[in-house]
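Dear colleague,

Please find the structure below, handed over for your study. My notes on it follow directly after.

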Amino acid sequence: MKFIITVNYPGCQSRTFAHTSKYEDKKVVLEEIFAMFNHGSCRESEMFLKSGMRSLSVNDFVRVNTQWFQCCSVGWKEVTEEYVDQLEKEVVDHPAYNLHGGFYCLDQIMWERKTRA
C-alpha cells in the first residue's frame, strides 16, 4: 500500500515522501516511520541518515496521506492540521526561538501546556 508521508519537526524541518508498506493500518505505518526516523532503530531510512535530522521525538508530527498524528511518549494521537499549524506558529514565535531553536521551544511550549492543565 502506498502512502504520502510528511515528517514535521515543529519550527525546524519537514520532509514529504512516498512510502510503500505491506500494511494498511495507519498505526502500523506510523511505527514504521518512527523506526525510519530514529537513530539506533537499525531501520533508519537513507533519507534520514543523509539529512542530518534529529530523531523523531515526542510532540513531533507525522502526516499519513491527509491525516496528522502527534508522537506521544507511547503511541500516537490524531490531531488536526490546524493544531499542527498553530503549534508550528507558537514555536517560531517563541521568544527563545532564535537563541535555542525549535526543539527547545517545542519542549517549553508543551511543558507549559502540561503544567497549566
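Tyr9 stands opposite Gln13 in strand 2; strands here are DSSP runs (E, at least two residues) and helices are DSSP runs too (H or I, at least four), numbered from the N terminus. This is a predicted model, in which local features need pLDDT of at least 70 and side-chain atom pairs count only at pLDDT 80 or more, while totals for chains, interfaces and linings use all residues. Residues are numbered from 1 along each chain as its sequence is written, and side-chain values use heavy atoms, with hydrogens and water left out.

Strand 1 and strand 2 pair in the antiparallel sense over eight bridges; two strands count as paired if DSSP finds at least two bridges between them.

The largest nonpolar core has 18 residues, and Ile5, Val7, Ile33, Phe37 and Val62 touch the most other members. Such a core is a set of buried Ala, Val, Leu, Ile, Met, Phe, Trp, Tyr and Cys residues joined through side-chain atoms within 4.5 Å, where buried means under 20% relative accessible area (1.4 Å probe, protein chains only). Strand 1 (2-9), helix 1 (26-36), strand 3 (61-64) and strand 4 (67-71) each supply at least two residues of this core. A second, separate core of 11 residues includes Phe61, Val79, Leu87 and Cys105.

Beyond its neighbours within four places in sequence, Ile33 is in contact with Ile5, Val7, Phe17, His19, Leu56 and Val62 (contact: heavy atoms within 4.5 Å).

Yours sincerely

Terms used. Buried means under 20% relative accessible area, exposed over 50%, partly exposed in between (1.4 Å probe, protein chains only).
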